[in-house]
Amino acid sequence: MKKSFKALGTELFAARQKVRIAKDGSTKLPVSLEGGQEAIFISTEGGYRLIPLLPDVKRIYIEVTTECNFSCITCIRSSWQDKLVHMDWETFENILRNLKDLPNLESIHFGGFGEPMMHPRIFDMLKAVKELGLKVEMITNGSYLQEENIRQLIDLELDILFTSLDSPDEEEYNEIRQGANFQRVSQNIANLQAMKKQQKVKKPELGIEFVAMKKNYAKLPKLIRMACNLNASQIIVSNLLPYHESMKDEIVYDIDDTDTGQMFGNESLLITIKAQMSSMKLRTDRSCKFIKDKSLCINYEGNVSPCYALMHTYQCYIYGRKKEMYACYLGNVNEKKLQEIWMDSGYVNFRRIVNENHFPSCTDCRSLEGCSYTESNEMDCWGNSPSCAECLWARQIIACP
């Protein structure tokens with residue numbers, strides 16, 4: 001029977017005297033809310049809160065490789081020291097087993113910071129997850145969309161395939177995505193759509209992702225028309241997060257919305273209707289897509305992180321300022337079950353803090369100049385570690401599928 005609030009409060013008070021308080025201020029208590037449900041007891045400014053521990057993950061991002069056949073000037077791989085390797089099959093099997101223990105799980109996205117189609121067993125991975133009845137997505141640079149690979153993606157009924165296209169112009173595209181061939185990639189995408197039409201199928205749906213910067217932003221309307229001609233179902237426009245000093249002056253997210261309208265004129269309506277636009281100006285509102293969507297990320301070694309930004313250790317530039325970003329790993333699928341990692345009291349409390357914006361906003365803080373806390377994400381002035389105080393994903397300036 002469900003306990004009354006009075007009886008539950010008495011049990012909480014008694015239990016709290018017996019348990020050790022965790023570093024994050026929370027305590028995992030053997031409290032029976034309903035059907036033996038465990039919870040954590042949180043001390044907040046407004047008093048105490050009880051948060052049930054639920055295996056309610058809805059979305060998982062899996063990085064199956066850190067290898068890539070391109071050397072894009074926009075890529076995080078230009079500022080990290082990670083190995084360039086594929087995920088071990090044993091690690092993937094451990095992930096696969098864990099997925100069955102997550103009753104609310106809806107979708108798996110194969111992406112991260114490598115080219116998924118370079119993994120020698122990527123089609124086995126996609127098939128294994130599809131057989132669980134989950135929605136499956138993948139992002140690719142488009143270079144491996146040869147006829148046989150397209151056929152396999154169609155046969156697998158992959159739900160969505162996102163392709164990165166950072167310019168509709170050959171010379172500019174090849175400059176941004178070094179090692180790429182615009183003609184080959186654009187033809188591969190066209191072939192995908194043609195084969196779907198020939199077989200009278202809709203899957204995989206095509207998504208186009210565009211990373212906006214000074215060198216290509218003016219070409220956005222042309223890119224959107226190109227994506228529409230390819231019958232893309234989604235067009236995501238993200239902003240550049242510079243990982244290399246040479247790119248720090250390429251950002252365009254310091255312009256007013258009115259400037260955007262003046263730049264594109266009559267084509268502004270096309271952009272508004274057809275594209276999922278990131279914010280082009282720093283706003284007060286903050287909202288973490290990964291927390292709101294109940295997502296987690298797993299890197300090539302099986303390490304679990306809360307989001308893309310915390311999957312690796314690297315350098316980036318926030319409005320021209322160099323920042324050291326340290327990875328945050330909450331557990332590893334080769335050592336612990338995903339359900340246990342997700343329901344760990346520290347991780348649950350971290351999600352609460354981020355969801356409620358209980359961290360400072362360094363980017364527009366009047367004490368920003370000279371503040372040493374902004375040099376890394378290790379800790380902020382409110383004592384959060386890791387710190388999300390300068391996350392541009394939460395500001396909707398940086399976006400991902």
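I take helices (H or I, at least four residues) and strands (E, at least two) as DSSP runs, numbered from the N terminus. The model is predicted, so I note that local features need pLDDT of at least 70, side-chain atom pairs count only at pLDDT 80 or more, and totals for chains, interfaces and linings use all residues. Residues are numbered from 1 along each chain as its sequence is written, and side-chain values use heavy atoms, with hydrogens and water left out.

Entry on cavities. I counted as a cavity a set of points, on a 1 Å grid over the protein atoms alone, where a 1.4 Å probe fits but cannot get out; lining residues have an atom within 4 Å of a point. Grid points are joined across faces, edges and corners, and volume is the space filled by probe spheres set on the points. I found three cavities of 30 Å³ or more in the whole structure.

Largest cavity. I read its volume as about 660 Å³. It has 33 lining residues, and Gly112, Phe113, Ser164, Glu209 and Val211 are the closest to its centre. Strands 5, 7, 10 and 11 each give at least two residues to this lining. I sorted the lining into 18 nonpolar (Ala, Val, Leu, Ile, Met, Phe, Trp, Tyr, Cys and Pro), five charged (Asp, Glu, Lys and Arg) and 10 polar residues (the others, Gly among them).

Second largest cavity. I read about 280 Å³ here. Of its 27 lining residues, Ala309, Met325, Cys388, Cys391 and Leu392 are the closest to the centre. Strand 15 (314-318) supplies the largest share, three residues. The classes are 21 nonpolar, three polar and three charged.

Notes
1 Å grid on protein atoms, 1.4 Å probe; cavity = no way out; pocket = protein on both sides within 12 Å on 5 of 7 lines; lining within 4 Å.
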